[in-house]
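Open the model in your viewer and keep the selection panel at hand.

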Amino acid sequence: MKWASYLKFVPYRLRKAQKRQSMKKSVPDRNEQFDNIVKLRSSYLEAGNPIISMDTKKKEHLGNFYRDGHLYTLEELKVYDHDFPSFAEGVVIPHSLYDLQLNIGYVQIGTSHDTSEFACDSFRHWWYDYGCKNYPNATSILVLCDGGGSNSSRHYLFKQDLQILADEIGIEIRIAHYPPYCSKFNPIEHRLFPHITRACQGVIFLSLELVTELISKTRTQKGLNVFVHVINKVYQTGRKVSETFKSTMQILFDKILPKWNYCAIPKGC
């Protein structure tokens, strides 16, 4: 009897590893923050204000490098046998915003570094090109994001760049961070990123133009659309917070879990 036939009679199955085991058994205030996010989403939805989920998708290198997936081709696809960054012709950093109410994704592709300034520039592009048109009567914007990376909940550099952005657009920006080890619950993780991955699966990223074209073709049967923009600006790493920022900032921390919830209030408001 062949092994494949034998396995039908025993409790063995062909399985794929699932990322479902938390690296940390418990996070203080985890459930309280989830309850808070539910209330915030409900209030913003009722008021007709935008609810944006924000995150940076995995960085990719441009060049003849291996990428997971299969393609129908006439010839064998040959790529480098090692993924050394020194052989790359550039980098792709897809900072993304997902509009929960309109089911639209906005991907700003950076070619430099994933910094707080880049994250705010990505948000700025969304607001001027799409947000202000889709929500002309908006009085506040709710942004759901993780607690690390370019929008770290612990660092004041993101808050400083966020304050500059709020002053510029003249609208309050409310931030709600998901607790540590809970990034998979951020809506963008399951409503946008898997579909972008599917649209790009197996394709070798040989050029920035190709990546842009692939991501912009992301669609779903439920009506998801994706708009892509390239930001070629070079971002400085190692920036420090201004010495006067903490004493002059208009960041208001919530009474409920202020470490994860706060607002950037525009000057003059």
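How many nonpolar, polar and charged residues does the lining of the largest cavity have, by class? It has 10 nonpolar residues, no polar and no charged ones. Here Ala, Val, Leu, Ile, Met, Phe, Trp, Tyr, Cys and Pro count as nonpolar, Asp, Glu, Lys and Arg as charged, and the others, Gly among them, as polar.

Before selecting, note that this is a predicted model: local features need pLDDT of at least 70 and side-chain atom pairs pLDDT 80 or more, while totals for chains, interfaces and linings use all residues. Residues are numbered from 1 along each chain as its sequence is written, and side-chain values use heavy atoms, without hydrogens or water.

**Stop 1: the cavity**

Select Met54, Ala119, Cys120, Phe123, Val143, Phe158, Leu162, Leu165, Ile173 and Ile175. They line the largest cavity. Helix H3 (116-134), helix H4 (156-169) and strand S6 (172-177) each give two or more residues to this lining. Helices (H or I, at least four residues) and strands (E, at least two) are DSSP runs, numbered from the N terminus. The space inside is about 40 Å³. The structure holds 1 cavity of 30 Å³ or more. On a 1 Å grid over the protein atoms alone, a cavity is a set of points where a 1.4 Å probe fits but cannot get out, a pocket is an open set with protein on both sides within 12 Å along at least five of seven lines, and lining residues have an atom within 4 Å of a point. Grid points are joined across faces, edges and corners, and a volume is the space filled by probe spheres set on the points.

**Stop 2: the core**

Next, select Ile109, Leu142, Leu144, Leu192, Val211 and Ile215. Of the 29 residues in the largest nonpolar core, these touch the most other members. Such a core is a set of buried Ala, Val, Leu, Ile, Met, Phe, Trp, Tyr and Cys residues joined through side-chain atoms within 4.5 Å. Another core, of 26 residues, lies apart from it and includes Trp126.

**Stop 3: a pocket**

Move to the second largest pocket, of about 170 Å³. Its lining includes Tyr66, Arg67, Asp68 and His70. The lining divides into 5 nonpolar, 4 polar and 3 charged residues.

**Stop 4: the cysteines**

A search of the whole structure finds 0 disulfides (cysteine sulfur pairs within 2.5 Å). From Cys182, the nearest cysteine sulfur is that of Cys145, 13 Å away. Cys182 is buried at 2% relative accessible area, and Cys263 is buried at 4%. Buried means under 20%, exposed over 50%, partly exposed in between (1.4 Å probe, protein chains only).
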